[in-house]
Amino acid sequence: MFSVTVRDHLMVAHSFRGEVFGPAQALHGATFVVDATLRRPELDPDNIVVDIGAATQELGAVVAELNYRNLDEVPEFAGVNTSTEFLAKVVADRLAERIASGALGPHADGLASVTVTLHESHVAWASYERELQPGA
């Protein structure tokens with residue numbers, strides 16, 4: 001399997017509900033390094049996984065939708081603990097939607113999966129991997 005990874009970063013504010021979160025139950029900020037890894041079994045006709053510039057641009061657009069936001073105030077996240085794992089899935093799903101709409105060009109239909117990793121620090125991170133539909 002071939003892969004290409006592009007990177008961005010994300011800064012949010014949020015709080016959590018539940019004793020397991022200790023002091024993070026209070027409103028706090030979080031800064032993540034965001035990696036998106038795109039995979040495919042065979043290279044496209046240009047001998048690439050995907051155009052790195054286009055992938056970087058699309059990841060940036062997805063991240064921009066969340067960047068500098070208080071996630072506690074975003075209606076679609078009402079009542080949800082916006083954990084690192086949860087946010088990795090949100091970014092992966094939104095990136096998959098962009099891929100399906102053709103944002104990465106005509107050869108992106110050969111992409112098999114996307115994995116999004118949010119790095120909380122140099123010692124802790126969480127990922128979400130999802131398959132991409134053929135033709136996506």
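Is Ser-101 buried or exposed? At 60% relative accessibility, Ser-101 counts as exposed. Here buried means under 20% relative accessible area, exposed means over 50%, and partly exposed lies in between, with a 1.4 Å probe and protein chains only. Ser-101 sits in the loop between α2 (84-100) and β4 (113-119). Its C-alpha atom is separated by 41 Å from that of Pro-23, a residue 78 positions away along the chain.

A word on the model comes next. This is a predicted model, in which local features need pLDDT of at least 70 and side-chain atom pairs count only at pLDDT 80 or more, while totals for chains, interfaces and linings use all residues. Residues are numbered from 1 along each chain as its sequence is written, and side-chain values use heavy atoms, with hydrogens and water left out.

Now the overall fold. The protein has two helices and five strands. Along the sequence they follow the pattern β-β-α-β-α-β-β. The radius of gyration is 16 Å, close to the 14 Å that the globule rule gives for 136 residues, so the protein is as compact as a globular protein of that length. That radius is taken over C-alpha atoms, and the globule rule is 2.2 Å times the number of residues to the power 0.38. Helices (H or I, at least four residues) and strands (E, at least two) are DSSP runs, numbered from the N terminus. The C-alpha trace spans about 50 × 30 × 20 Å along its principal axes.

Next, the surface and the interior. Of the 136 residues, 42% are buried. The accessible surface comes to about 7,200 Å², and carbon and sulfur atoms account for 53% of it. Such areas come from the Shrake-Rupley method with a 1.4 Å probe; for residues, only the protein chains shown count as cover. The protein carries 9 positive and 19 negative charges, and their mean positions are 3 Å apart. Lys and Arg count as positive, Asp and Glu as negative; His and the chain ends are not counted. Each charge is placed at NZ of Lys, CZ of Arg, CG of Asp or CD of Glu.

A contact means heavy atoms within 4.5 Å. Among contacts between residues at least 6 apart in sequence, 70% join residues at least 24 apart.

Val-91 shows this from inside a helix. Val-91 lies in α2. It is buried, with a relative accessible area of 0%. Leaving out residues up to four places away in sequence, Val-91 touches Val-34, Leu-59, Val-62, Leu-66 and Val-116. Pro-75 is 16 residues from Val-91 in sequence and 17 Å from it in space, C-alpha to C-alpha.

Setting aside neighbours within four places in sequence, Glu-129 contacts Arg-39, Ser-113, Val-114 and Thr-115. His-14 is 115 residues away from Glu-129 in sequence and 23 Å away in space, C-alpha to C-alpha.

Aromatic rings come next. Rings of Phe, Tyr and Trp (its six-membered ring) pair if their centres lie within 6.5 Å; planes under 30 degrees apart count as stacked, over 60 as edge-to-face and the rest as tilted. By this rule there are two aromatic pairs. One of them joins Phe-77 and Phe-86 edge-to-face, at 5.6 Å centre to centre with 85° between the planes. Phe-77 is buried, at 3% relative accessible area. Phe-86 is partly exposed, at 27%.

Two loop residues have backbone angles to check. Asn-47 has a phi near 65°, a positive value in a residue other than glycine. It is found in the loop between β2 (28-40) and α1 (52-66), and it is exposed, with a relative accessible area of 59%. Tyr-68 has a phi near 60°, again positive in a residue other than glycine. Tyr-68 lies in the loop between α1 and β3 (69-70). At 63% relative accessibility, Tyr-68 counts as exposed.
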